[in-house]
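Hi everyone, thanks for coming.

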Amino acid sequence: MRSASVSRRTAETDVAVSIALDGTGKAEISTGVGFLDHMLELFARHGLFDLTVKVTGDLHVDQHHTTEDTGIALGQAILQALGDKKGISRYADIHLPMDETLTRVALDISGRPFLVFRTTFPTEKIGVFDTELVREFHQAFAINAGLTLHVETLYGENSHHIAESCFKGLARALRQAVALDPREEGRVPSTKGTL
């Protein structure tokens, strides 16, 4: 099973992440940020990743460091779990509907991290969660997982639905991209021979 565990401790957060790419969607999430917990549970379930995330962060300041550092550690764990990337599908894209919202997510497990995030929110908060942190999470995640990641909400009115469509779209696209392609016969899917 392709899996990895990452621990990351700073003066602001203490993050522990474990992931199994070929899982069943089991999640044990405790970040101290309720909305982030919800998004990571969705990510695990729709990606069929077994995911454990435990975070202690400086929530007396705000939720920024906890959200960003969770994205960093999760990205690092996925990169480690992919190993040499032999046999993976590499590319994937999806249009993810969530009620009135439609978000497109496309990604390439390229080793060349880049984020294009064309999503806006009609509100600054979802409960007590700052909506700008959705982008911060995806940025930290893409850079540390080595992904070229494009997220674009084509339309939507409800901030919760917009955020959820981004996380579910990421999960579904990543699930396809990390899948092993039997036609690759264990090769790295690149003319360069490495990703």
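Let's start with Phe141, which is buried at a relative accessible area of 0%; buried means under 20%, with a 1.4 Å probe and protein chains only. A word on the source: this is a predicted model, where local features need pLDDT of at least 70, side-chain atom pairs count only at pLDDT 80 or more, and totals for chains, interfaces and linings use all residues. Residues are numbered from 1 along each chain as its sequence is written, and side-chain values use heavy atoms, leaving out hydrogens and water.

Who else is buried? Phe43 is, at 1%. Phe43 and Phe141 pair edge-to-face, with 6.1 Å between centres and 75° between planes; pairing needs ring centres of Phe, Tyr or Trp (its six-membered ring) within 6.5 Å, and planes under 30 degrees apart are stacked, over 60 edge-to-face, the rest tilted. Phe43 sits in helix 1 (residues 34-47) and Phe141 in helix 3 (residues 132-145), so this pair ties together parts 98 residues apart in sequence. Helices here are DSSP runs of H or I, at least four residues, numbered from the N terminus.

The whole structure has five aromatic pairs. In one of them, Phe43 and Phe49 have centres 5.3 Å apart and planes at 40°, so that pair is tilted. Phe49 is buried too, at 0% relative accessibility. Phe43, Phe49, Phe137, Phe141 and Phe167 form one aromatic cluster.

Back to helix 3: its buried residues include Leu133, Phe137 and His138. After helix 3 comes Gly146, with a positive phi near 70°.

Definitions and conventions. Buried < 20%, exposed > 50% of the residue type's maximum accessible area, 1.4 Å probe, protein only. Helix = DSSP H or I, 4+ residues; strand = E, 2+ residues; numbered from the N terminus.
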